[in-house]
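Okay, thanks for coming, everyone. Let me put the model up, and then we'll walk through a few spots in it.

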Amino acid sequence: MDAADVKSDLSEILYTSDQIAARLAEIAAEIDRDYAGRDVLLVGVLNGAIMVMADLQREMTSHVEMDWMAISSYGSGTQSSGVVRILKDLGTDIEGRHVIVVEDIIDTGLTLSYLMSNLASRNPASLEIMAMFRKPAAARIEVPVRYVGFEIPNEFVVGYGLDYAGRYRNLRDLAILAPHVHH
């Protein structure tokens, strides 16, 4: 889906698919360098990280494995409480593994903070985060992120895996959703 297909639903395009692809290629090269000679396990957080995970892996030149987790955070509507339930756990034992958690977006950091302590308790050799987008203004807890695609304003964004009510996930760009759509 192109921005032109849903133009009236968007207020602004923050990053085009070309900008996202270029930044992902840079991050993939960094990960390849940082983990040279080591086996890496990428852990994607469903559903939002599907696009990032697929594109990141395709850009990497080293062998990587992948696994997925699905988590649900409780809260009122769009507010995360940081109380998390694991809906789908890893199928892989991560003890002694080099793990990179791949996220589409970090806003409050509450859910991710819980996830990171849960994974750390499983004794990986290393544990880092790669997030395509981060909203520094929304952070309620600081989560150390090793690889960040873009820092974005604290706006309601859709596209590149991010949805509103199940829609817009397949938009190739990252855009701010127009207020009339989500209010």
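So, let's start at one residue: Val 158 stands opposite Ala 175 in β9. Quick housekeeping before I go on: this is a predicted model, where local features need pLDDT of at least 70, side-chain atom pairs count only at pLDDT 80 or more, and totals for chains, interfaces and linings use all residues. Residues are numbered from 1 along each chain as its sequence is written, and side-chain values use heavy atoms, with hydrogens and water left out.

Back to Val 158, which lies in strand β8. Strands here are DSSP runs of E, at least two residues, and helices are runs of H or I, at least four, numbered from the N terminus. Is Val 158 buried or exposed? Buried, with a relative accessible area of 0%; the cut-offs are under 20% for buried, over 50% for exposed and partly exposed in between, using a 1.4 Å probe and protein chains only. Leaving out residues up to four places away in sequence, Val 158 touches Leu 10, Asp 163, Tyr 164, Tyr 168, Leu 171, Asp 173, Leu 174, Ala 175 and Leu 177, where contact means heavy atoms within 4.5 Å. Take Leu 10: it sits 148 residues away along the chain, yet the two C-alpha atoms are separated by 8.8 Å.

Now zoom out to the sheet. β8 pairs with β9 (residues 174–177) in the antiparallel sense, over 2 bridges; pairing requires that DSSP finds at least two bridges between the strands. The open sheet has 3 strands in the order β1-β9-β8, with antiparallel pairing. β1 (10–15) and β8 (157–158) are at the edges with a single partner strand each, so one side of each has no neighbour in the sheet.

Next, β5, residues 98–106. How many of its residues are buried? 9 of the 9, so β5 is largely enclosed by the rest of the structure. It pairs in the parallel sense with β2 (residues 40–46) over 5 bridges, and Val 40 has His 98 in β5 as its bridge partner. β5 also pairs with β6 (residues 126–134), again parallel, over 8 bridges; there, Ile 105 is bridged to Phe 133 in β6.

Last stop, the helices. Residues from α1, including Leu 24, Ile 27 and Ile 31, meet Val 52, Asp 55, Leu 56 and Glu 59 in α2.
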